[in-house]
Amino acid sequence: MWGCGDNFPVLFPHPARPSWRSCRRCRSQRRSHCCQDRRLRRPRLLETTHSVETPYGSVTFTVYGTPKPKRPAILTYHDVGLNYKSCFQPLFQFGDMQEIIQNFVRVHVDAPGMEEGAPVFPLGYQYPSLDQLADMIPCVLQYLNFSTIIGVGVGAGAYILSRYALNHPDTVEGLVLINIDPNAKGWMDWAAHKLTGLTSSIPEMILGHLFSQEELSGNSELIQKYRNIITHAPNLDNIELYWNSYNNRRDLNFERGGDITLKCPVMLVVGDQAPHEDAVVECNSKLDPTQTSFLKVSNLLRGKLTEAFKYFLQGMGYMASSCMTRLSRSRTASLTSAASIDGNRSRSRTLSQSSESGTLSSGPPGHTMEVSC
């Protein structure tokens, strides 16, 4: 799930086809020549689903595309209450993402028991911890014969990819971490969770993890839809096991300048007033500022996240000739000069964008990137 509200993840609206008499982007009068229609008529990528046995059970993953020479795979990991389709498919089906997915093979990992049609685990089944879920990833990469990845994770998936990167830094070229909470639950959090469990159902607690209180209070059609999906999910018992593992996670113990830190470029993403905003801000303060970008959005749009992802990849030396939006092109020179200060493949960026002025500006590296949409 993704979305256009304050929180990650919520469902993105599907792009509407433009009026053929007034396409604002290319001014085409013919549907077949419109830039939007060309993006929507994209070729279908090869899709294969696999399962592999690991020391902690079987894991299922879906591969899109074919490996590209000298390029890492994009590997995703979803949040609690979701699977790879509900978490990432709306984003990767977005028109502006096609330039990215044509250049990288994708691997979407489903946590055990979260894949579509998954059988319910037997009573007493010991679900893997988040650390053990991270230890399943090498089996996936070995099966596919992939050497390096760029990880994209949401919530629990962001934690799992971070743990994997700490254990296998040489295989991770970059991380996009959305709504990550790297901290273990403290006693106060544990007590609050137990108290909430006495008065709220598992689906309601998961919804409180996925959406902001403002969104839940609004009880929109989107909230009702996902409340119904999670409540009536045939694998709800499996979802609860994943939820319990997330709540029993260990502290990642990030330390700026210390031995325990992410050594690859990182883009942290959080929605304004999202449930995990404070945790992501704290995580940003503990990571290497020359390797970390912080993207805070008050109204997430797929286009903005896609654009930030392109910059992220370009900072690593990929997609140097990627198409820019008209807004981005106007500031390409300043962004390039800011990037060059940090040297080859440095990922530090400072961008600020105002919804009122519509301008994109750059600043000194090592700061945060805040986007108000």
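In strand β5, I149, G151 and G153 point one way while I150, V152 and V154 point the other way, and all of them are buried, where buried means under 20% relative accessible area with a 1.4 Å probe and protein chains only. In a regular strand, side chains alternate between the two faces of the sheet. The strand covers residues 149-154 and is mostly covered, six of its six residues being buried.

This is a predicted model, in which local features need pLDDT of at least 70 and side-chain atom pairs count only at pLDDT 80 or more, while totals for chains, interfaces and linings use all residues. Residues are numbered from 1 along each chain as its sequence is written, and side-chain values use heavy atoms, with hydrogens and water left out.

Helices (H or I, at least four residues) and strands (E, at least two) are DSSP runs numbered from the N terminus, and two strands pair if DSSP finds at least two bridges between them. The pairings are as follows.

| Strands | Sense | Bridges |
|---|---|---|
| β1 (residues 47-54) and β2 (residues 57-64) | antiparallel | eight bridges |
| β3 (residues 73-77) and β5 | parallel | five bridges |
| β5 and β6 (residues 172-178) | parallel | six bridges |

Within these pairings, T76 has V152 in β5 as its bridge partner, and G151 stands opposite L175 in β6. β1 and β2 form a hairpin with two residues between them, and E47 stands opposite Y64 in β2.

Among the helices, I202, P203, M205, I206 and H209 in α7 meet L236, I239, E240, W243 and Y246 in α10, contact meaning heavy atoms within 4.5 Å.

Notes:
Buried means under 20% relative accessible area, exposed over 50%, partly exposed in between (1.4 Å probe, protein chains only).
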